Amino acid sequence: MRRVSFWAIAVFTLAAVQSIALQTHPRARFPGFGHPRKAEAPPKAAPESSVIDASSLGSPIVLDKGWRVGITSDPAAANSAFDDSGWAIRDGKGTIADVTEPTDEPDHSDHPDREDKYAWFRLHVKLAPNHGPIALLIELPVTQSTAPNLTNTGPGADVFANGKLILPEGPHPSDSFNYQQISRLYNLNIPASETSLTLAVRTLYIPFGLSGYTNFFYNRTFRLGNPDDLDQTLELWSVRTLFERLPRLVIAILLLFLSVFLVTLYFTQRGHPEYLWLALHELVQVPIGIIDQAGSSARLDYIWYGALYLQLLFISAYLYFEFLVAFLALKRRWYIKLLRYSSPILAFIAPTVLLVGHNKIIAVALFIVFVCAILWMIGWAIFVFLTLIVATIKRNFEAGLLLIPLVLTMVGIAEPILTGGWGEFGGGSYKSPLTIQAGPIPIHFAAIADFTGLLAIIVIIFVRFLRIHHEQERASGELAAARSVQELMIPREKVETPGYEVDSVYNPANEVGGDFFHVEPTSDGGLLVILGDVAGHGLQAAMNVSMLMGALRRSEEKRPARILESLNRVLIGSDSFTTCQVAWFGPDGEVIVANAGHLPPYLNTQEVRLPGGLPLGVLGDVTYDEVRLYLHPGDRLLMMSDGVVEARHGSGELFGFDRVHNLSNQSAFYIADAAKAFGQEDDITVLTIRRLTKAMAA
């Protein structure tokens with residue numbers, strides 16, 4: 001999504017590889033400074049055409065004419081007395097024409113301390129007598145310090161003033177060539193008595209490409225003047241740079257808040273892992289922006305910059321892949337498994353980049369990792385775009401929204417690739433025609449794609465929230481209707497039970513529950529009590545309860561075992577099973593109990609042992625055994641569902657059978673309240689049936 005696309009990663013990979021190659025070049029660190037210089041040639045006055053007159057220097061002047069350009073490995077080219085009369089003269093702006101390489105350069109190919117060729121740019125400046133402090137500002141376009149792109153300032157450069165190496169101000173002055181180039185100020189420290197200045201700038205000789213020496217002035221403007229005046233110019237450049245970076249900083253802050261919101265949404269709406277994957281994807285985007293700013297402001301060297309940036313980009317791409325799989329509920333097909341199980345190779349990008357240059361094995365490993373990573377990204381790009389396109393064609397509104405920022409990102413990446421060379425031919429800095437200027441703040445097309453991606457996510461979350469809210473309202477209506485039906489089926493008022501006193505408590509875990517009970521006086525003067533527990537809870541369990549209660553009311557069977565057998569036949573073929581217990585209480589105190597996998601009852605305070613029986617709905621043609629008991633006047637039988645025993649405390653402790661045994665002589669209401677207070681997790685149903693004395697029965 002947004003900037004995490006195959007093209008963005010491919011472009012940055014090329015730039016990073018080029019930067020790594022520059023840093024691992026045997027002369028990337030310009031070791032020639034410590035070598036003995038050749039004998040200096042006798043002083044010669046520079047031709048008048050290559051002398052800049054700064055004798056009336058009042059305000060900073062732009063050094064864009066009369067530069068002598070030469071290719072040599074001779075370190076004496078830094079000296080003011082060096083003979084550069086044979087070098088070509090070029091204007092210091094735009095792309096310059098090639099210069100002829102010398103043919104009399106010594107061959108150092110077999111020398112261990114050989115000097116590589118460098119591109120030298122020399123300028124002779126005439127100063128006024130008793131001049132004040134003089135400084136040089138090498139200013140880069142603001143866009144060079146914002147994000148990795150195809151325009152590249154190339155390797156660093158060293159500045160010499162009258163043969164003396166000048167270190168710049170700002171971060172890492174002695175090691176600036178290992179960092180992304182930024183505008184820097186050089187205090188030249190020219191004594192007031194000296195009226196001539198020879199500027200010599202050297203950079204690693206690269207004959208062609210965006211980093212070639214012919215593009216040296218394309219991305220650099222040389223200004224000479226008073227340090228205070230140039231410092232104000234540098235501050236202005238810094239302010240413009242801040243404005244340039246502002247949209248990306250705003251996006252990073254928005255991404256942080258969005259990721260926190262998505263994590264919260266994930267924990268409040270379980271069953272939606274796409275929120276968590278998207279939150280992680282957005283969270284990884286936040287340090288990408290911070291690292292990009294640190295690298296582009298020369299606070300992070302090329303190697304660390306490239307390693308961290310690429311690593312986070314690939315991780316972000318993988319997280320987006322997982323988000324898309326969960327978001328569209330895609331089946332785990334072979335290509336999804338291939339991308340998922342081959343993704344660990346992406347974790348080796350940063351380590352191999354950071355170790356590059358140590359030995360050849362690391363170089364080979366880096367090549368293998370990059371090839372595998374690029375192949376993975378090709379598969380990722382094909383998967384993402386085809387999946388979103390197919391889903392959009394199938395009228396998936398949300399997939400279409402996700403496709404929009406991806407397309408915009410591709411346009412934002414392709415536009416400078418296709419049109420970036422226009423500025424080079426025109427001799428000026430490249431400015432994107434798709435950039436919108438909001439006052440002092442430029443908003444690039446890539447930032448527009450980023451904001452579009454954020455807006456798309458917000459719209460998707462809002463639409464999903466409305467849909468889920470509508471579904472919850474509909475489900476709540478269905479649950480309310482089911483609860484009404486269940487309340488009609490489960491007795492809420494005491495039933496006339498001659499000779500017995502029945503207390504019942506029913507506490508469903510949700511709006512509707514899976515427990516049920518039935519109390520019915522029989523024509524022979526007895527009492528039929530049925531207690532059951534449908535597996536699960538919620539609407540489906542309530543529907544099964546309704547089906548069982550309907551079957552019970554239609555049945556004329558009064559024998560406990562036969563009742564269980566008939567209910568078992570009703571549930572055969574359903575997706576769940578039910579535990580059930582049926583007890584018939586005779587007018588003389590006789591009790592017949594049949595059990596189908598339910599908890600045993602308690603007679604007074606003693607557990608009644610019953611033969612095991614399969615729950616209802618497991619197998620057909622099941623027979624159930626019956627057990628006979630006898631209740632004396634005042635005796636009581638306790639029947640309950642497993643929600644009592646399985647009540648769980650916050651520490652994880654179960655209510656358990658020991659507590660049930662200790663409370664078995666208490667009322668149904670007391671036992672149910674104790675289990676509920678302990679930590680209800682399932683439906684709780686408790687029945688107590690006490691035989692009355694004859695006098696009370698009368």
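Is leucine 375 buried or exposed? Select it and see. This model is predicted. In it, leucine 375 counts as exposed, because its relative accessibility is 55% and exposed means over 50%.

**Stop 1: a patch on a helix**

Now pick out Val364, Phe367, Ile368, Val371, Leu375, Ile378, Ile382 and Leu386. They form a nonpolar patch on the surface. Together they have about 750 Å² of accessible area.

**Stop 2: an open sheet**

Next, show the strands β2, β11, β6 and β9. In that order they make an open sheet of four strands, with antiparallel pairing. Which strands stand at the edges? Select 61–62 for β2 and 184–187 for β9. Each has a single partner strand, so one side of each is left without a neighbour in the sheet.

Move to residues 135–139, strand β6, and residues 221–225, strand β11. The two run antiparallel, and five bridges join them.

**Stop 3: salt bridges**

The model has 12 salt bridges. Here are some of them.

Select arginine 559 and glutamate 626. Their closest N and O atoms are 2.7 Å apart, in a salt bridge. Arginine 559 lies in the loop between α11 (539–554) and α12 (560–571), while glutamate 626 lies in strand β21 (residues 626–630), so the pair ties together parts that are 67 residues apart in sequence. Arginine 559 is partly exposed, with a relative accessible area of 42%. Glutamate 626 also counts as partly exposed, at 26%.

Stay with strand β21 and select arginine 628. Which side chain meets that of arginine 628 in a salt bridge? Show glutamate 590: the N to O distance is 2.4 Å. Glutamate 590 is in strand β18 (residues 590–596), so this pair ties together parts that are 38 residues apart in sequence. Glutamate 590 is partly exposed, with a relative accessible area of 24%. Arginine 628 is exposed, at 52%.

Now try glutamate 681 and arginine 648. They form a salt bridge, with the closest N and O atoms 3.7 Å apart. Glutamate 681 sits in the loop between α15 (668–679) and β23 (684–691), and arginine 648 in the loop between α13 (642–645) and α14 (656–663), so the pair ties together parts that are 33 residues apart in sequence. Glutamate 681 is partly exposed at 45% relative accessible area. Arginine 648 is partly exposed at 35%.

Then select Glu274, Glu398, Arg464 and Arg467 together. Salt bridges that share partners join these residues into one network.

**Stop 4: positive phi angles**

Go to histidine 172, in the loop between β8 (164–166) and β9. Its phi is positive, about 50°, although histidine 172 is not a glycine. At 31% relative accessibility, histidine 172 counts as partly exposed.

Finish at arginine 395. Where does arginine 395 lie? Look in the loop between α7 and α8 (397–419). Arginine 395 has a positive phi of about 70°, although it is not a glycine. With a relative accessible area of 79%, arginine 395 is exposed.

Methods
Residues are numbered from 1 along each chain as its sequence is written. This is a predicted model: local features need pLDDT of at least 70, side-chain atom pairs count only at pLDDT 80 or more; totals for chains, interfaces and linings use all residues. Side-chain values use heavy atoms; hydrogens and water are left out. Patches are made of residues with over 30% relative accessible area and no salt bridge: like charges are joined within 9 Å, nonpolar side chains (Val, Leu, Ile, Met, Phe, Trp, Tyr) within 5 Å. Accessible areas come from the Shrake-Rupley method with a 1.4 Å probe; for residues, only the protein chains shown count as cover. A salt bridge is a side-chain nitrogen of Lys or Arg within 4 Å of a carboxyl oxygen of Asp or Glu. Buried means under 20% relative accessible area, exposed over 50%, partly exposed in between (1.4 Å probe, protein chains only). Two strands pair if DSSP finds at least two bridges between them.
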